[in-house]
Amino acid sequence: MDPTLSEWLAAQLSEPSDEPAYRRLTHLFKQAILSGQIGGGTRLPSSRALGQDLGIARNTVTHVYEQLQAEGYVETQTGSGTYVADTSPDMSGAPVRSRQSHHAARDHQRLSRRGRRTIELSGVSKVQWGAFMPGVPDVTEFPVKVWTRLQNRIWRGARPEQMTYAQGGGYPPLRRALAEYLRVSRAANCQPEQVIMTTGIHQSLDLAIRMLCDVGDEVWVEDPCYWGVRNLLLSSGLTPVPIPVDSEGINPSAQQLARPPRMIICTPSHQYPLGCVMSLARRRMLLEYARLHGCWIVEDDYDSEFRYGISPLASLQGLDQHGNVIYVGSFSKVLFPGLRVGYMVVPDSMADLFALGLADLYREGQTMLHATLAEFIYEGYLGTHIRRMRGLYAERRDILTRAVRSRYDDRLPILGDEAGLHLVLALPHLQDDFGVVRQALERGIVVRPLRTYYSSASTAQSGLLMGYACVPHERIGPAFETLAEVIDHCSKEKAGISMQTS
Ligand SMILES: Cc1ncc(COP(=O)(O)O)c(C=O)c1O
């Protein structure tokens with residue numbers, strides 16, 4: 001290997017970091033390939049040699065190569081080794097492009113360490129619509145006419161105080177409407193003053209982290225978890241501690257319980273992404289643990305409005321007697337994500353502090369939007385829309401699960417289909433869910449690889465996150481057929497490879 005590259009990798013890995021070596025080495029390789037530091041066609045050293053050079057386990061390097069291969073960065077030629085794939089765009093006649101990529105690499109280096117980490121860990125997808133984009137509601141069903149009528153009415157009566165910076169915590173009538181809604185639908189224990197309006201769960205988490213944690217604090221996150229949570233924590237200088245999830249939710253070991261974190265972030269109503277519901281016993285255990293050790297629990301209740309067949313459990317916040325829970329929710333799934341309106345419920349005694357923190361950190365506004373939304377709720381449109389969409393999504397979920405069953409029986413298990421906007425199709429026989437995702441995308445189907453939601457490749461399960469909510473009924477069957485062809489093709493390839501190697 002080019003000695004400068006090997007030295008560079010060793011130097012980068014020697015910097016202190018809380019991330020596992022597997023993840024760091026993967027990012028370093030990607031960075032080096034994207035910036036042109038390692039050119040297309042370069043042969044990578046054997047996993048044994050690189051492991052020795054860098055003082056890490058050979059298995060770790062093997063995992064890194066597998067992941068790079070799954071994402072298309074490298075290619076493996078049987079018996080000959082691993083080569084950097086030639087993915088650079090055709091530059092012929094376009095000298096400006098090469099200067100740009102040089103600049104991009106230089107700009108990357110100019111970022112702070114946490115800025116670089118944010119970019120390297122980025123999980124956001126460029127595609128946000130189409131079969132089977134997870135986590136996206138059917139925005140085409142939003143009652144635009146009703147909204148426009150309410151919005152026009154609000155704008156006709158616009159007052160100066162609605163158009164300047166908002167008062168801490170958000171528009172009071174909306175906070176009142178939400179407190180009532182959460183008391184009734186989520187058995188939350190809250191007064192309007194405890195409801196703090198934000199631009200979504202991302203901002204609520206950011207505020208909770210800034211107000212309640214210090215740099216270096218440990219925060220338990222579910223493993224697997226929503227990519228946004230891990231990235232927010234790392235870029236704020238906190239240490240996410242992955243805690244395994246079983247069928248009852250987050251499940252800390254005795255060793256983990258012996259080391260209380262500052263905060264626990266979890267999705268009790270519908271674990272993201274696997275879909276289980278946290279049992280009552282586990283909820284009570286977590287609340288008692290938080291009380292004993294003074295930990296904060298952040299309850300991310302991102303899509304609990306959509307349950308099919310089972311009634312919702314009360315929120316964790318509603319069970320909490322000691323003010324240790326911060327509840328965060330949003331209109332992203334019930335209305336549409338681009339609305340960017342979310343809310344948090346904080347303990348009564350801390351409400352003013354959070355409202356002040358929010359106003360100071362982000363300056364608040366959107367009062368006209370909040371006023372329209374408040375009218376939308378008071379006039380009953382929110383309840384009607386949720387009920388209608390629940391019926392629609394239940395039908396789509398049924399169409400998809402029937403399609404899966406009729407093609408695969410129980411050979412490919414379906415997880416987490418009792419609630420929410422997505423399900424997980426497990427691929428126990430295929431390590432490479434990235435490969436399926438990549439090939440599916442080439443055929444116009446968007447799915448996300450389950451493995452990326454785990455903290456470590458060694459414990460990760462393979463599968464596909466499939467959103468059905470935004471896919472019209474008649475498109476689900478044909479789109480699934482296309483996806484199934486990709487799955488079958490990858491399964492055959494895998495069988496071929498194992499026959500060759502056995
Ligand atoms: C578990 C989870 N939390 C939070 C969010 C983001 O919510 P918001 O759009 O309100 O920021 C998502 C989005 O998909 C999610 O899946």
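A salt bridge here is a side-chain nitrogen of Lys or Arg within 4 Å of a carboxyl oxygen of Asp or Glu. The model is predicted.

The side chains of glutamate 180 and arginine 183 form a salt bridge, with N to O at 3.0 Å. That distance falls within the 4 Å limit. Why can these two residues be described as one turn apart? Both sit in helix α9, which covers residues 172-186, and they are 3 residues apart, so about one helical turn separates them. Side chains of opposite charge can pair when their charged atoms come close. By the same rule, the count comes to 17 salt bridges.

Next, the overall layout. The protein is divided into domain 1 (3-121), domain 2 (158-379) and domain 3 (384-501). Take domain 1 and domain 3. Their C-alpha centres lie 29 Å apart. The two domains are in contact: 9 residues of domain 1 meet 8 residues of domain 3.

How much area is buried between domain 1 and domain 3? The figure is about 640 Å². Carbon and sulfur atoms give 53% of that area. Two elements each give two or more residues to the side of domain 1 that touches domain 3: α2 (21-34) and α4 (58-70). Of the contributors, α4 gives the most, with 4 residues. By class, this side of domain 1 has 3 nonpolar, 4 polar and 2 charged residues.

Now turn to the ligand. Its surroundings are Gly200, Ile201, His202, Tyr226, Tyr272, Asp300, Tyr302, Ser330, Ser332, Lys333 and Arg340.

Finally, look at the backbone. Several loops hold features worth checking by eye. The peptide bond from alanine 131 to phenylalanine 132 is cis, with omega near -5°. Phenylalanine 132 belongs to the loop between α6 (113-121) and α7 (144-156). A cis peptide bond also runs from aspartate 223 to proline 224, with omega near 10°. Where is proline 224 found? The loop between β5 (218-223) and α11 (227-235) holds proline 224. Arginine 363 shows a backbone feature of another kind. Its phi is near 55°, a positive value in a residue other than glycine. Arginine 363 has its place in the loop between α15 (351-362) and α16 (367-378).

Key
Residues numbered from 1 in each chain as written. Predicted model: local features only at pLDDT ≥ 70, side-chain atom pairs only at ≥ 80, totals over all residues. Heavy atoms only, no water. Domains from an automatic or database assignment. Contact = heavy atoms within 4.5 Å. Buried area = accessible area lost by both parts, 1.4 Å probe. Nonpolar A, V, L, I, M, F, W, Y, C, P; charged D, E, K, R; others polar. Near = heavy atom within 4 Å.
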